[in-house]
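Colleague: I have a new model open and want to learn how to read it. Can you take me through it feature by feature?

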Amino acid sequence: MGFSMQPYGIQSMLKEGHKHLSGLDEAVLKNIDACKQLSTITRTSLGPNGMNKMVINHLDKLFVTNDAATIVNELEVQHPAAKILVLAGKAQQEEIGDGANLTISFAGEILQGAEELIRMGLHPSEIISGYTKAINETVKILEELVEEGSENMDVRNKEQVIYRMKASVASKQFGLEDILCSLIADACIQVCPKNPANFNVDNVRVAKLLGGSLHNSTIVRGMVLKTDAVGSIKKMEKAKVAVFAGGVDTSATETKGTVLIHNAEQLENYAKTEEAKVEALIKAVADSGAKVIVSGAAVGEMALHFCERYKLMVLKISSKFELRRFCRTTGAVAMLKLCSPNPDDLGYVDSVSVEEIGGARVTIVRNEEGGNSVSTVVLRGSTDSILDDLERAVDDGVNTYKAMCRDSRIVPGAAATEIELARRLKEFSFKETGLDQYAIAKFAESFEMIPKTLAENAGLNAMEIISSLYAEHASGNTKVGIDLEEGVCKDVSATVVWDLYVTKFFALKYAADAACTVLRVDQIIMSKPAGGPRRDQPAGMDED
């Protein structure tokens, strides 16, 4: 045995095989570098002209999208610091449903500013205190930039809704925002409850059907089920509905039972009693006035035969989430086993019909009257990935609607707000004394990333645009932003690009928080990963 070195220092304290990184160079700058890498990925897909990313996840599923939340969800980010940024993006996605890209890109940008400051010799804690002052000042300035009179809005007025929603949908599907916005606005207004603050995003469903083009998309008040009706009856008008969660079938007994049969007659009678039993049950349902039976599980052959005889339409919905939504749409109560339903438990639909759309048979459940609580946007498109991307745009629109139900204040979009924030924070940094002022100035500079990226993604000259934006804002035109179509600077009230105040507020706040969290780390200690076979994550559940 050769001479073995005794571990010393921190090595002797921790188990072998661990990694320990400390100090500015190893820990802080490496963390910042990982976050910058992540934000360079998302940055190029910021704004309406953002490029799409092709992400293939570990299950070989292909995503073609420019929606940052989907991109970072599907990239399995391993680095702990970059994960913090991913979490900030997810928080934004859950809070507002839009602006995840702004959060991640902006956090990456202010961390890059922090890196330059560290190389200049500032200590991370000074940078953090400067950034904290900067974000507090930003929030104050943001309040001043809110458009006057925008806090009062009628959430049932389609024009006002589209006015606020357009920018967030355009950033996902540029050029199609007018068609999409009017679809989304209609769907949202239909299901908006009496108190708009209780708006539930889940009530606007999306059904994706291949074929056709976006212009063939429609809205259904009610639900679209992607299955065919089970029996031969395909259409019912103004019918009562009975919902059975446990399936429509003869049930075996709970306990094991043995039946002794001595002769053929007894066998015949045994089979007959079963038939009679099923018939009695189905007849009871038919007598209660129900015309449509919805089953949550299998539908037995014999039961189906009697349903046909009593002219009942049978639908099968296997997903329990869908079943729950169906009950919400129709106002039915799901019963556990097949029995005669109470009149109170029955729901009502205006029409249930099986229609063929683009080669796929779908069941459309319409419920026009009454405060129906589900509406469905039927999207048409040529490929699956296009449909998925359209669905994300609709999701963003619906989430924006929810956000505007809570707070309808708007700020100028198209980078007008960001340039104004940059300009005002720069002035604020000159008033500060001490080392904080450098951090605040860097924070202010980071806002330039947004107009710069928007211009670069649209193929314009970024430097020219930023300088002309600054010039306009310095002369007091605080609402001047970039008009990407013409490549010039224009007043946003002419191009109608408004962003919600809450989206900006949370995006910047989460970004600053994430950046400060990353800067506060000065040591990384990683244990040796546990051995044993790799456990893959459990298979993905239903989207809901």
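This is a predicted model: local features need pLDDT of at least 70, side-chain atom pairs count only at pLDDT 80 or more; totals for chains, interfaces and linings use all residues.

Colleague: Start with the overall picture. How many helices and strands are there in the chain?

Modeller: The chain has 18 helices and 17 strands. Its C-alpha atoms fill a box of roughly 100 × 80 × 40 Å along the principal axes.

Colleague: What share of the residues is buried?

Modeller: Of the 544 residues, 49% are buried. The accessible surface comes to about 27,000 Å². Carbon and sulfur atoms own 52% of that surface.

Colleague: And the contacts? What part of them joins residues 24 or more positions apart?

Modeller: Take the contacts with a separation of 6 or more; residues 24 or more positions apart account for 76% of them.

Colleague: Which value of phi does Asp-60 have?

Modeller: Asp-60 has a positive phi of about 70°, and it is not a glycine. Asp-60 sits in the loop between strand 2 (53-56) and strand 3 (62-65). Its relative accessibility is 66%, so Asp-60 counts as exposed.

Colleague: What about Lys-311, and where is it found?

Modeller: Lys-311 also is not a glycine, and its phi is positive at about 55°. Its loop runs between helix 10 (301-309) and strand 8 (313-316). Is it buried or exposed? Lys-311 is exposed, because its relative accessible area is 55% and the cut-off for exposed is over 50%.

Colleague: Back to the loop between strand 2 and strand 3. Which side chain does His-58 meet there?

Modeller: His-58 lies in that loop. A polar contact of 2.6 Å joins its side chain to that of Glu-76. Now compare sequence and space. His-58 and Glu-275 are 217 residues apart in sequence and 50 Å apart from C-alpha to C-alpha.

Colleague: Show me a helix residue. Is Asn-399 buried or exposed?

Modeller: Asn-399 lies in helix 12. It is buried, because its relative accessible area is 17% and buried means under 20%. Beyond four places in sequence, Asn-399 contacts Ile-96, Gly-97 and Val-201.

Colleague: One more helix residue. Which residues does Arg-423 touch?

Modeller: Not counting residues up to four places away, Arg-423 touches Tyr-470, His-473 and Ala-474. Arg-423 is in helix 13 (residues 416-431). Its side chain also joins that of Glu-420 through a polar contact of 2.9 Å.

Colleague: Last topic: pockets. How does one find empty space?

Modeller: Rolling a probe the size of a water molecule over the atoms shows where empty space is left. Here, take the second largest pocket, with a volume of about 840 Å³.

Colleague: Which residues lie nearest its centre?

Modeller: Pro-48, Ala-167, Ser-171, Val-497 and Asp-499 do, out of 44 lining residues. By class, the lining has 19 nonpolar, 13 polar and 12 charged residues.

Colleague: Which element gives the most to that lining?

Modeller: Helix 7 does, with 5 residues. Several elements supply at least two lining residues each, including helix 5 (100-120), helix 12 (384-406), strand 16 (498-500) and helix 18 (501-519). Asn-399, discussed above, is in helix 12 too.

Notes
Residues are numbered from 1 along each chain as its sequence is written. Side-chain values use heavy atoms; hydrogens and water are left out. On a 1 Å grid over the protein atoms alone, a cavity is a set of points where a 1.4 Å probe fits but cannot get out, and a pocket is an open set with protein on both sides within 12 Å along at least five of seven lines; lining residues have an atom within 4 Å of a point. Grid points are joined across faces, edges and corners, and a volume is the space filled by probe spheres set on the points. Helices (H or I, at least four residues) and strands (E, at least two) are DSSP runs, numbered from the N terminus. Ala, Val, Leu, Ile, Met, Phe, Trp, Tyr, Cys and Pro count as nonpolar, Asp, Glu, Lys and Arg as charged, and the others, Gly among them, as polar. A polar contact is a pair of N or O atoms within 3.5 Å; within protein, one must be able to donate a hydrogen and the other to accept it, and residues adjacent in sequence count only if both atoms are side-chain atoms. Contact means heavy atoms within 4.5 Å. Buried means under 20% relative accessible area, exposed over 50%, partly exposed in between (1.4 Å probe, protein chains only). Accessible areas come from the Shrake-Rupley method with a 1.4 Å probe; for residues, only the protein chains shown count as cover.
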